Amino acid sequence: MSSFIVASALSCALGSSLQKSVENLRDGAINLSSVALDNLEDPIEVPYFGIPNPDLLPTHELMYRCVSGQVESVIETLGLTTAERSRTGLFFGSSSFTVADSEQQYFSELARNDVNALPMPIAGYNKFPERIAAQFSLSACVHSYATACTSSANALIYADFLIALGEIDHAIVIGCEFKNTTTLLGFYGVELLSPQRRMLPFDRRRDGLILGEACATLVLSKERKSNGLVFKGGACNTDTFSLTAANTDGSSITNVISDALKASGCNAGDVSLIKVHGTASLLSDEAESAGILRVFDKLPPILALKPYIGHTLGACGAVELALLAGATIEGSFVPSNPGIAVADEGLGLTLLQDPLSPIKGHYLLNYFAFGGNNVSLVIENAK
Amino acid sequence: MLNEVRESYQDLGAAIVSLTGTKLRRADRFSQLAVLGATSCCQSRELLRPSAAIVLSTSAGTLSTAVNMMTKIGVERQPPKPFQFINSFGNSACYFLARILGTHGASIVVSQEQCSFESGLLHAGQLLNQKPDGQVLVGGVDEALLPLDDHLRRHNRVNQTCDACYEGSHWLLLSGQVTPASFAKINILGSFVPEGANISDEISDFVGGSLSDALRLYNSESMGIGESNDRESILSAPRAQVVPHGVYSGHNIERACQLVRSGEHCNVVIVTCVLATKRLYITSVASV
């Protein structure tokens with residue numbers, strides 16, 4: 001394998017564009033808000049990293065504008081002709097897909113006392129991606145991935161496979177997660193949200209995660225472009241230790257990292273930077289640290305991005321790759337996590353405390369999901 | 001496996017206990033369907049290696065769980081139950097499958113509307129291309145929900161009524177290399193229907209000279225496309241009023257494998273053509 005990352009776009013809590021997000025990441029300008037869920041018997045308010053939405057667009061409209069705007073932007077950036085678009089696939093990863101749209105329709109019908117109110121009226125993961133692909137005259141190669149928090153990370157792996165096979169020349173990979181009541185209440189119900197409203201991965205004080213809204217579009221291509229970023233490959237495995245966390249002995253995470261390095265043609269000593277999954281939940285961080293420590297004799301710099309943008313669930317594969325690539329290539333810095341996991345606090349990992357200049361070499365990116373789905377990706381920054 | 005759903009659901013839990021000897025606690029109906037279909041496919045467990053990958057395809061995913069959660073929030077004004085929420089992610093079904101079958105390889109859930117099973121086959125092919133000595137358990141699962149009128153509305157069949165719908169769980173164990181257990185070879189071609197194209201020509205190009213020997217199976221939306229062949233059979237929807245979804249082609253492909261395995265046919269071609277999206281898949285199942 002090895003395809004080239006030739007264009008990207010991002011909207012997240014740090015900003016509506018990749019450029020703005022990178023600027024705010026450099027400045028540490030965190031934009032944490034909250035969501036009031038007041039239509040419950042016992043109303044609650046949960047912290048949330050939302051995409052800036054000054055026009056107060058309904059979520060389904062915000063989602064459509066973000067996704068179609070990003071796809072239009074990357075197509076323009078690359079100048080893809082009609083013929084080239086017909087050789088371009090669309091790979092869509094999400095945890096919630098169009099649930100926000102379904103909720104909006106159903107809750108409106110209930111509010112009107114409509115006796116025919118239909119819960120979950122929109123069925124089909126691939127409906128929205130098909131609409132986007134048709135809008136931009138892309139190829140018939142349109143697939144959706146629904147593996148919870150690893151959805152868009154898996155989408156990247158299979159996009160790379162299809163380019164290598166020559167089935168397509170370019171792949172537009174989208175990670176998409178937008179605010180919806182079902183997801184917010186679901187995470188509230190499983191008690192994984194941080195009571196202290198701060199994500200502190202690998203830190204002794206960690207007590208859970210904060211959810212985030214984000215959308216990223218990455219284009220993988222068989223043709224090298226000037227930014228020097230290469231998608232080297234990745235791996236996935238299934239851990240049956242628990243439905244909600246990888247084995248805390250780190251064994252399955254060790255295996256998926258090792259498989260990803262092998263698929264990418266490199267070894268642990270070649271890794272110059274690790275982007276952790278780092279959900280700041282007790283068991284997940286324990287499993288990830290144990291897995292990393294079993295692979296690396298000497299640890300490279302390690303960073304976490306969720307403290308800045310929240311856990312963007314199925315979008316985080318594409319979103320965190322776009323943000324890391326944007327920071328290192330466009331922003332010329334490697335982001336850090338000042339004040340989080342400062343020293344060895346029991347898990348054996350410390351996070352980068354000060355930003356670094358861009359590092360050449362191979363970057364390892366980890367993503368883990370409910371249902372035991374573990375994914376590791378490797379990219380190379382050749383610049 | 002194709003279940004008919006009329007006024008009530010069959011108890012899948014009892015069938016799972018009977019087949020696997022295990023009670024699947026906390027699994028929703030979608031996961032139960034996946035486990036039933038996949039364990040039926042892998043009854044000779046010695047064939048399945050622990051490194052096998054699982055590719056689960058679906059059009060609508062964990063629809064009954066999503067409906068129950070949304071109703072609980074909207075009507076009861078309560079958060080969803082924890083395991084209800086966790087089951088709402090499609091890959092929870094992969095977790096239950098991997099646990100029961102003892103696998104730890106890659107797993108994914110993929111979707112492509114009415115061509116979801118074909119999408120699953122393509123992904124399985126990619127995995128086997130990377131690892132020719134590997135195995136992939138590929139399947140398709142979609143639920144039929146009660147009440148059926150609501151189910152039809154969710155599939156944009158607003159003015160349609162029916163007294164039965166079907167839900168399916170169809171599975172194949174694939175290997176990248178011929179083994180003593182191999183009985184069929186699968187090839188798949190996916191493309192857009194070219195403007196003005198003759199679908200029969202597309203099929204002929206794909207299967208070469210063997211078309212005249214091939215039994216052709218057409219999925220529902222492709223009925224009427226292609227010239228008839230004296231052994232042609234339409235095996236798509238068991239009833240005309242059935243709602244097309246992403247795994248009916250799984251039903252046909254599973255059936256084609258049975259026909260080849262029994263020696264009744266040596267070559268079966270399955271054509272799935274979705275006119276709305278101009279997507280065409282041609283899958284051939286041939287004896288080895």
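## The second largest pocket

In this predicted model, the lining of the second largest pocket is made up of 13 nonpolar, 13 polar and four charged residues. There are 30 lining residues, and the ones nearest the centre of the pocket are Ala235(A), Cys236(A), Asp259(A), Ala106(B) and Lys131(B). How much space lies in the second largest pocket? It comes to about 780 Å³.

## Where the two H6 helices cross

Now pick out H6(A) and H6(B). Their axes come within 10 Å and cross at roughly 70 degrees. Angles from 65 to 115 degrees count as roughly perpendicular, so that is how H6(A) and H6(B) stand to each other.

On the chain A side, Tyr158(A), Phe161(A), Leu162(A) and Leu165(A) of H6(A) make the contact. H6(B) brings His123(B), Gln126(B), Leu127(B), Asn129(B) and Gln130(B). Sort the residues of the contact of H6(A) with H6(B) by class and you get five nonpolar, four polar and no charged residues.

H7(A) and H3(B) pack with their axes 11 Å apart, at an angle of about 85 degrees. H7(A) is therefore roughly perpendicular to H3(B).

Which residues of H3(B) do Thr181(A), Thr182(A) and Leu185(A) in H7(A) meet? They meet Met69(B), Met70(B) and Ile73(B). By class, the contact of H7(A) with H3(B) has four nonpolar, two polar and no charged residues.

## Cavities inside the model

Open pockets aside, how many cavities of 30 Å³ or more are there? The count is three. The largest cavity has a volume of about 310 Å³. It is lined by 28 residues, and closest to its centre are Ser95(A), Ser96(A), Val99(A), Met120(A) and Ser88(B).

The helices H7 of chain A and H3 (63-74) of chain B turn up again here, as the elements that give two or more residues to the lining of the largest cavity. H3(B) provides the largest share of that lining, with four residues. By class, the lining of the largest cavity has 15 nonpolar, 13 polar and no charged residues.

## A three-stranded sheet in chain A

Chain A also has an open sheet of three strands, in the order E2-E3-E7, with mixed pairing. Strand E2 (33-37) and strand E7 (211-212) stand at the edges, each with a single partner strand, so one side of each has no neighbour in the sheet. Helix H7 (residues 181-189) of chain A packs on this sheet, touching E2, E3 and E7 of chain A. The direction of H7(A) makes about 105 degrees with that of E3(A).

Zoom in on strand E3 (residues 44-49) of chain A: E3(A) and E7(A) pair in the parallel sense over two bridges. Within E7(A), the residue opposite Phe49(A) is Gly212(A).

Most peptide bonds are trans, and most residues other than glycine have a negative phi. The peptide bond from Leu146(B) to Pro147(B) is cis, with omega near -5 degrees. You can find Pro147(B) in the loop between E4 and helix H7 (148-154) of chain B.

The other spot is Glu191(A), which is not a glycine but has a positive phi of about 55 degrees. Where does Glu191(A) sit? It is in the loop between H7 and E7 of chain A.

Notes
Residues are numbered from 1 along each chain as its sequence is written. Chains are lettered from A and ligands numbered from 1 in the order in which they are written. This is a predicted model: local features need pLDDT of at least 70, side-chain atom pairs count only at pLDDT 80 or more; totals for chains, interfaces and linings use all residues. Side-chain values use heavy atoms; hydrogens and water are left out. Two strands pair if DSSP finds at least two bridges between them. Contact means heavy atoms within 4.5 Å. Axes are lines fitted to C-alpha atoms, for helices over the stretch in contact, and angles run from 0 to 180 degrees between N-to-C directions. On a 1 Å grid over the protein atoms alone, a cavity is a set of points where a 1.4 Å probe fits but cannot get out, and a pocket is an open set with protein on both sides within 12 Å along at least five of seven lines; lining residues have an atom within 4 Å of a point. Grid points are joined across faces, edges and corners, and a volume is the space filled by probe spheres set on the points. Ala, Val, Leu, Ile, Met, Phe, Trp, Tyr, Cys and Pro count as nonpolar, Asp, Glu, Lys and Arg as charged, and the others, Gly among them, as polar. Angles under 35 degrees count as roughly parallel, over 145 as roughly antiparallel, 65 to 115 as roughly perpendicular and the rest as oblique.
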